[in-house]
Amino acid sequence: MNSILKGGLLVALGASCYGLLTTFVKLAYEEHYTPYEVTFAQLIIGFIALVVLNLFLKKSEPPIKDPKLRRKTIFYLILSGTSLGFTSIFYYLAIQYITVSVGIVLLMQSVWIGVVLDGIINKIKPTKRKIFSVILILIGTVLAADLLVEEQDVDFAGIGYGILAALSYTVTIMTSNSVGLQYHPITRSKWMMFGGLLVVSVITLPELIEYMDFGIFMVWGPILALFGTILPPLFFTAGMPKINVGLGAIISSIELPVAVLMGYFVLQEEQNLYKWIGIALILSSIVLMNLRKVKKDPL
């Protein structure tokens, strides 16, 4: 039980890091850094840090003997990491226009998008439980995003970027659970981060060549890389083996309330009862969707 408790705590810490991230991005924007500067700095610092961390894994990680298989696996990891780059750039562009709480709620749409893609790609028919969970998420999103409030000024650019971020995040989740599983998670993160960095470089460098404030590398770049790239893989790698997948998914949903609370206490973002009911519905749907996995794979 102590091992399970420790694993759950580590997973919660990893998810909380992601929850803190959006507020740090907003604070960087307040200092007039752009989404391009923020995204590029986070990914390049994160990639360098993962390369360094991988140096300590060389002795413990068995190499893939077949060089062709190794090259093919690395290529697929880099390719799957491109969706990570799109997620970062779309999400940080969205946060320019919308609040932290709305941004994280939109990113959480990846839960039901994953169910839809699973049905289309893998021909897996969703169960009644999943369909009900998806309905709960959609209702929760309407409430949490304040779409029922008449005076709400909806920024469609932010909503659009947020949905694109959720789509690419769904692809990231699906590929990260199926590509290069023979590698250590930190090694996989390194190659996927490289793929993400390639995409972000292509998108951001035209803007950054024209003007870039290198001060981003002094404070916010390292902070964003620490909480968005370095710590989560370490916490998840250490915690997930101690618990099952269903419980891990449930605990990971702590990212949502952490992000909303940070937005409220640090950025003084407005909250109301509708938002909290919506957030509760989204969290409930995640628990409902993964409850069977917890029961099926007992601790």
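Trp-276 sits in helix H12, residues 273-296; helices here are DSSP runs of H or I with at least four residues, numbered from the N terminus. The model is predicted, so to speak of local features pLDDT must be at least 70, side-chain atom pairs count only at pLDDT 80 or more, and totals for chains, interfaces and linings use all residues. Residues are numbered from 1 along each chain as its sequence is written, and side-chain values use heavy atoms, without hydrogens and water.

Trp-276 belongs to a nonpolar surface patch with Leu-261, Tyr-264, Phe-265 and Val-266, and together they have about 470 Å² of accessible area. Patch residues have over 30% relative accessible area and no salt bridge, and nonpolar side chains (Val, Leu, Ile, Met, Phe, Trp, Tyr) are joined within 5 Å. A salt bridge is a Lys or Arg side-chain nitrogen within 4 Å of an Asp or Glu carboxyl oxygen. Areas are Shrake-Rupley, with a 1.4 Å probe. Helix H11, residues 255-265, gives the patch its largest share, three residues.

Next, helix packing. H1 (residues 2-30) and H9 (residues 220-239) pack at about 165°, axes 8 Å apart; angles run from 0 to 180 degrees between N-to-C directions. They are therefore roughly antiparallel, meaning over 145 degrees.

H2 (residues 35-55) packs on H9 at about 45°, axes again 8 Å apart.

Technical notes
Helix = DSSP H or I, 4+ residues; strand = E, 2+ residues; numbered from the N terminus. Parallel < 35°, antiparallel > 145°, perpendicular 65-115°, else oblique. Patch = residues over 30% accessible without salt bridge, like charges linked within 9 Å, V, L, I, M, F, W, Y side chains within 5 Å.
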